[in-house]
Amino acid sequence: MSKLIPIREENIASHIYLIRGEKVMLDYDLAMLYGVETRALKQAVKRNVKRFPDDFMFVLTLNEADNLVSQNVIPSKSYFGGALPMAFTEQGVAMLSSVLNSENAIQVNISIMRIFTKLRSFLLLESQLNNRIDKLE
């Protein structure tokens, strides 16, 4: 079993990345939050692949993985354990609760959904403030 990360907003928010213009969470971060092995999470997704269309989950390219290493998001590509990571959008994370049906998975999903909602609110507020500043200028 992977090391369990305490469910705090800052722990979750620090694991949300912008990839391909989407806010996503990576499989190994989600596995740590759920308290399962990354391999088990990937297997559950592969067994239920129809629940994860491209706008819910995608596999990173080698170039995207290299970018994560160069940005110090991860220490090295060996961190992936030989396979490229899966990236889950907000909808994909929500769908994970249906394939990882444990009490911990439910609580983690609730926390993650709350963070995604807060991020959306912050982005909307930032956009509104930028519009007001543009009007003032």
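Me: In this predicted model, what covers the buried residues of helix α3?

Reply: The cover of the buried residues of α3 includes α2, β3 (57–59), β4 (86–88) and α5 (90–99). Contact here requires heavy atoms within 4.5 Å.

Me: Which residues of α3 are buried, and what puts them on the same side of the helix?

Reply: In α3, which spans residues 38–47, the buried residues are L41, K42, A44 and V45. They lie on the same side of α3 because the arc they cover around the axis is only 160 degrees.

Me: Which exposed residues does the face of α3 turned away from its buried side carry?

Reply: That face carries K46 and R47. The term exposed applies to a relative accessible area over 50%.

Me: Why is helix α2 called mostly covered?

Reply: Buried means under 20% relative accessible area, and eight of the eight residues of α2 (residues 27–34) are buried. These are D27, Y28, D29, L30, A31, M32, L33 and Y34.

Me: Why is L62 called partly exposed?

Reply: The relative accessible area of L62 is 48%. Partly exposed denotes the range between the buried limit of 20% and the exposed limit of 50%, so L62 is partly exposed. This residue lies in helix α4 (residues 62–70).

Me: What makes the nonpolar surface patch that includes L62?

Reply: V59, L62 and L84 make this patch of about 230 Å². Membership requires over 30% relative accessible area, and L62 has 48%, so L62 passes that cut-off.

Notes
Residues numbered from 1 in each chain as written. Predicted model: local features only at pLDDT ≥ 70, side-chain atom pairs only at ≥ 80, totals over all residues. Heavy atoms only, no water. Patch = residues over 30% accessible without salt bridge, like charges linked within 9 Å, V, L, I, M, F, W, Y side chains within 5 Å. Areas by Shrake-Rupley, 256 points an atom, 1.4 Å probe, with all protein chains shown as cover. Salt bridge = Lys/Arg side-chain N within 4 Å of Asp/Glu carboxyl O. Helix = DSSP H or I, 4+ residues; strand = E, 2+ residues; numbered from the N terminus. Buried < 20%, exposed > 50% of the residue type's maximum accessible area, 1.4 Å probe, protein only. Arc of directions from axis to C-beta.
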